[in-house]
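Dear colleague,

Here is the structure that I promised to pass on to you, with the sequence alongside.

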Amino acid sequence: MAAISVSNLTYAYNSFSPPSLVDINIALTPGSRTILIGANGAGKSTLLQLLAGKKLVGDAADVRIKDQDVFRNSPEGVTFLGTEWAMNPVVRGDIGVAEFLDSVGGYRHKERRDRLLDLLDVDLDWRMHKISDGERRRVQLCFGLMAPWDILLLDEVTVDLDVMVRDDLLKFLKADSEARGATILYATHIFDGLNDFPTHIAHMRFGTFVTLPTSWPLPDRSNALTTTISATTALYNIALQWLKADREYSRELERQGKKVPRGARKDDVRSLPSCG
Ligand SMILES: Nc1ncnc2c1ncn2[C@@H]1O[C@H](COP(=O)(O)OP(=O)(O)OP(=O)(O)O)[C@@H](O)[C@H]1O
């Protein structure tokens, strides 16, 4: 049974916009850690939010976590952490971190909470309205990760962490996923220090997958861009190649007088070279 499975998923935010996701079909195995790579607007956040059950999809789509429909059954053990959390006025209010974490059940997971407080260097005496963006992000991660999760959906939440905290956090997530067979799907633009983290990588472009989740490191071979991708190639370089290919694709469409779509037609996308 797949940890996450998506079939026939096409999604538009409204009836007058082109779809932001087009015919998505993926299956992620339990215990896998997949990095979602794609340019701004590729559809990463939309996909993560749909998996978190935050948006309703049409009847044709089948979106499952642990074989349960994410909308109808709300599967347990799913944690979604996105960037918008820190904007919520509630978490910018005059409340202490200790009180805040207890109000969301921290006392039930004391051991994990204390480990995360230490790892993320969070002070229980901080007041939520007086801390920096990075400090607030660390509180969010402590809040989100203290209950053991089966499925973790991460949308660029390491963006304002300092390098050391980010590195410690990635090591913690990897060890936690390995120890408990838990699954991670992580959208990011920051590839420093990420080489040893994923079991799979995937490439999205204009709302669809150009490279489905593929085992990482990639096997040695040459791709259509005549650049050799080998097991030693850093994830950063792969991401750079993929995003360059995306830009070439957009330019080619423009040369052909076609408008670059926000949610591209899948035939357009799939006719382009893929590195995966
Ligand atoms: N609330 C919204 N209403 C309408 N369209 C939206 C909305 N949010 C996103 N979109 C559109 O959906 C597409 C996918 O956006 P999404 O945020 O999923 O991309 P992303 O890959 O996460 O980008 P980024 O790397 O910038 O976070 C984009 O074309 C975007 O303009």
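Strand β1 (residues 4–11) and strand β4 (residues 62–65) pair in the antiparallel sense over four bridges, and within this pairing isoleucine 4 stands opposite isoleucine 65 in β4. Please keep in mind throughout that the model is a predicted one. The two strands belong to an open sheet of four strands, whose order is β2-β1-β4-β5 and whose pairing is antiparallel. At the edges of this sheet stand β2 (21–28) and β5 (68–69), and because each has a single partner strand, one side of each is left without a neighbour in the sheet.

The chain as a whole has seven helices and twelve strands, and of its 276 residues, 35% are buried. If you take the contacts in the chain with a separation of 6 or more, 71% of them are accounted for by residues 24 or more positions apart.

Another strand to look at is β9 (residues 200–205), where five of the six residues are buried, so that the strand is largely enclosed by the rest of the structure. Which strands does β9 pair with? Strand β3 (residues 33–37) pairs with β9 in the parallel sense over four bridges, and here isoleucine 37 stands opposite histidine 203 in β9. Strand β10 (residues 208–215) pairs with β9 in the antiparallel sense over five bridges, with histidine 200 opposite serine 215 in β10. Together β9 and β10 form a hairpin that has two residues between the strands, and in that turn phenylalanine 206 has a positive phi of about 45°.

The chain is divided into domain 1, which takes in 4–77 + 148–270, and domain 2, which takes in 83–147. Their C-alpha centres lie 27 Å apart, and the contact takes 13 residues from domain 1 and twelve residues from domain 2. On the side of domain 1 that touches domain 2, helix α5 (residues 163–180) gives the most, with four residues. By class, the residues on that side of domain 1 divide into eight nonpolar, no polar and five charged.

The buried residues of α3 are Arg113, Leu116 and Leu117. Seen down the axis of α3, these buried residues fall within an arc of 105°, so they line one face of the helix. That face packs against α2 (97–103) and α4 (133–145), whereas on the other side of α3, Glu111 and Asp118 are exposed. After α3 comes aspartate 121, whose phi is positive, near 55°.

Which of the twelve residues around the ligand come nearest? They are Tyr13, Ser20, Asn40, Ser45 and Thr46. Sorted by class, the shell around the ligand has eight polar, two nonpolar and two charged residues.

With best wishes

Terms used:
Residues are numbered from 1 along each chain as its sequence is written. This is a predicted model: local features need pLDDT of at least 70, side-chain atom pairs count only at pLDDT 80 or more; totals for chains, interfaces and linings use all residues. A residue is near a molecule or strand if its C-beta atom, placed from the backbone, lies within 6 Å of it. Ala, Val, Leu, Ile, Met, Phe, Trp, Tyr, Cys and Pro count as nonpolar, Asp, Glu, Lys and Arg as charged, and the others, Gly among them, as polar. A residue is buried if 20 or more other C-beta atoms lie within 10 Å of its own, exposed if 12 or fewer, and partly exposed in between; C-beta atoms are placed from the backbone. Two strands pair if DSSP finds at least two bridges between them. Domain bounds come from an automatic or database domain assignment. Two residues are in contact if their C-beta atoms, placed from the backbone, lie within 7 Å. The arc is that of the directions from the helix axis to the C-beta atoms.
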